[in-house]
Amino acid sequence: MNKPGNPLRQLPEAEQLLAKLLEQMQPVVRPDTGIIGIHTGGVWVAQRLHAALGIAVPLGTLDVSFYRDDFEKIGLHRDVKSSDLPFDVDGRPLILVDDVLYTGRTIRAAMNVLFDYGRPSSIQLAALVDRGGRELPITADFLGGSAALAVSQSLELTRDETGKLSFKLHEN
Amino acid sequence: MKIHIKGGRLIDPRNNLDAMHDLYLAAGKIVAVGTAPAGFHANRTIDAGGKIVCPGLVDLSARLREPGLEYIATLESEMDAALAGGVTSLACPPDTDPPLDEPGLVEMLKYRARNLNKAHVYPVGALTAGLKGVQLTEMAELRDAGCVAFSHADVPLVDNQVLFYAMQYAATFDIPVWLRPQDASLARNGVAHDGQIATRLGLPSIPVSAETAALAVILLLARETGARVHLCRLSSAAGINMVRRARHDGAKVTCDVAVHHLHLSEMDIGYFDPHCHLIPPLRSQRDRDALRKGLADHTIDAVCSDHCPVDDDAKQLPFAEAEPGATGLELLLPLTLKWAEEDQLPLPVALSRITRDAADILGIDAGHLTVGADADVCVFDPERYWKVEPASLRSQGNNTPFSGIELKGRVTHTLVGGLVAHEA
Amino acid sequence: MWLDPRNPQLNKNGELHHLLSLDGLPADVMRQILDAAESFVGVTQRDVKKVPLLRGKSVFNIFFENSTRTRTTFEIAAKRLSADVINLAIAQSSTSKGESVLDTVANLAAMQADMFVVRHAASGAPYLIAKHVGPDIHVINAGDGRHQHPTQGLLDVFTIRHYKKDFTQLRVAIIGDILHSRVARSQIHALTTLGCPEIRVIGPRTLIPSDIKSLGVQVYEDLREGLKDVDVVSTLRLQNERMKGSLLASGQEFYKYYGITDEALAVAKPDAIVLHPGPMNRGVEIDSSVADGTQSVILPQVSFGIAIRMAVMSIVAGNWRG
């Protein structure tokens, strides 16, 4: 792992990270575990995990636009997606899935959304990559890998027509 | 006081004059055009090089808001505005508070105006007592007190019998009756032309038939009573056509248009601009073009400012609730020039509509520069651009739809009775 | 000026700052509102129907004209966004004491309002208010005179999109008192902006404004001719006072010639939907069997209305970067 603050040279390999993530999750998930992807990248990752884990409970998706703490600064997200939780969250173990774990604010917002649906028995977090820079006391329970990025950089998960996931690096 | 106005282009429509001539004034009169009279020694010389020298303007409708509405504007402020606009004679409608329906009120107004030593004021008396449309006023006495004509201003005169008698009575004394053709019931609650914009903005509308129906009644009654009728503020192409036809058939009617109606249409209401809430309403672009053409071919005799100062409290309201009217004394000249320039009309024609033609309707000896006439003169720079900024207008009314617009032509000197009354 | 002078409801970035009219509202802004509303429909179906978007904001419902129904839906929407809501029925209070609209609004602005939801009997009143508030206040038109009722128009197209998906293949008929209807004007602009190729207005000549064709609609005087093969039937409320004035002879005659009955609806497409902005005059503009029938989407309109108002409020509130 390179030191925080240094520009990233080697892009993380999304498909490899996904495999690692799956490896960690397989022994832990239960038949009643609810898998929930956070729009947009997290949903792609969650779809792959959900299929590979073969869980009967349908996949949930979450849009956190209405709970973001930067609404005052940047307004309502242009492309708000619907949240869809096709199962009862009350008393259920949940795994939240996101692509890039950064400040932790998205996860904070996502947990708030979940509690407006009910009271899960537990929430765990799965992330493809952790880029550091946390601003809240949040860590991933399942992690594909880490990559330190400069503040000016951002990672975007993309999906090609075959469904293959890969990362793209943006210099702002 | 002897004044020499030197080096200007002198335009006097009455005398068919448009040439580089000097003008000489003495003892309140015009004493010579062209060459100085023998032994003329000017106390003052006004350099009119590059400027136009014309008769002081005559405005057929300017509300001075006195008596009774001094919180909106005063005689002082509005007479200043008149002079700044080159207007030296103006007629004021009777819709004051109380209305001009008693000789005492008219005498007081004339007296106040005379003492201000500014423009000449010609009151138009109320046709009915209190403008209530019931009882006739003492028109003959009011005329003797100084009224030049009688009207109902913008107040509807609903009862056609009263109108008929009023016209008969006025005709007895050969007193002119000025009427604004708008049928009160067809226009009821309306605030905008019945067209595209009223439909889009959901504004209660006034159909063109409100004007034409009223015109039909007025023209018929005029023929029957023999009254001398002047029609105030035409707004529609159909209305102009009716007047044109009636005149062709021998009717002795005159008519005018407000200067803002030459430039604006319903489109200018935009997003409910209350400054475009006017009486009559701004109509379609086709109507506007017909007004411009009618004024050029002299179907419409004269153009007036229809000056109507309104205070901000009465204007800053939703469109329909805002008080109608626009301030106009200072815009009459530049907006008339703008019309002439855009329609490529000779300047003497345009200036005629705000000098001699208006004076003819008023029946006063003004609006010309004949030797021996009162020296009411307007000197203006035809090339000078200025931006209309409501706060810097002399009028107490800030209400103009032309706010922020650049206009060409600015008065530099206004002389009344041979004295410089305004100088920019 | 932070607003676009050519379209004073948008800021210089083309984003929605006030919602005053659907006339001239760009299609992408309209779709943004509809899409956001889609997500809010999900929120309103949860146990906890609240999201924290407008936490700490004050929304003033200023109603210069009474309307319990519209005021209530705005109130619910604002509360579901976690805003504080203050309801003011000015009709009975200040203006009767001679206070002007602008004075009233200036007073309320001084109470640190963030948003004004305005209902007024005069067309254009929200424009006047929007022109005189500071840049940190948003104005939402909740119905002004005969002019516009933009949130109603948006919820109507939202409802239509929900059932019919694609606007570009639709034939829509709007029936009744078009002349006095702010709802009709909003619907017409929303539908044309979203690409609806055929909009018909149906009514007696006294209730059809002149030059309505300039808004891009077709005029029908015969109900059955106008309803033929339409996908959407939008009925309008006929105000009681219209039945007494000189524009109409009677409610009964109106019902006979322009009321939507099962028999009239039969000439529309079999899957046509029926809308009504409420409150309904059963037996005047619409028959009970249609209002309560399978083609009626009048109740879904009401619940979508809350989502639309949540969407509009959260979008305008987010569009100021002070």
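Trainee: What covers the buried residues of α6(C)?
Mentor: The cover includes α1 (27-44), β6 (138-144), α5 (150-164), β7 (171-175), β8 (198-202) and β10 (232-235) of chain C. Helices (H or I, at least four residues) and strands (E, at least two) are DSSP runs, numbered from the N terminus. This is a predicted model; local features need pLDDT of at least 70, side-chain atom pairs count only at pLDDT 80 or more, and totals for chains, interfaces and linings use all residues. Residues are numbered from 1 along each chain as its sequence is written, and chains are lettered from A and ligands numbered from 1 in the order in which they are written.

Trainee: What makes α6(C) largely enclosed?
Mentor: Buried means 20 or more other C-beta atoms within 10 Å of a residue's own, with C-beta atoms placed from the backbone (exposed: 12 or fewer; partly exposed: in between). In α6(C), 11 of the 12 residues are buried, so the rest of the structure largely encloses this helix. Among them are Arg182(C), Ile188(C) and Thr193(C).

Trainee: Which chains touch, and what counts as contact?
Mentor: Contact needs C-beta atoms, placed from the backbone, within 7 Å. Chain C gives 23 residues and chain B 17. On the chain C side, α4(C) gives the most, with three residues. Chains A and B share no contact; their closest C-alpha atoms are 27 Å apart.

Notes: Two residues are in contact if their C-beta atoms, placed from the backbone, lie within 7 Å.
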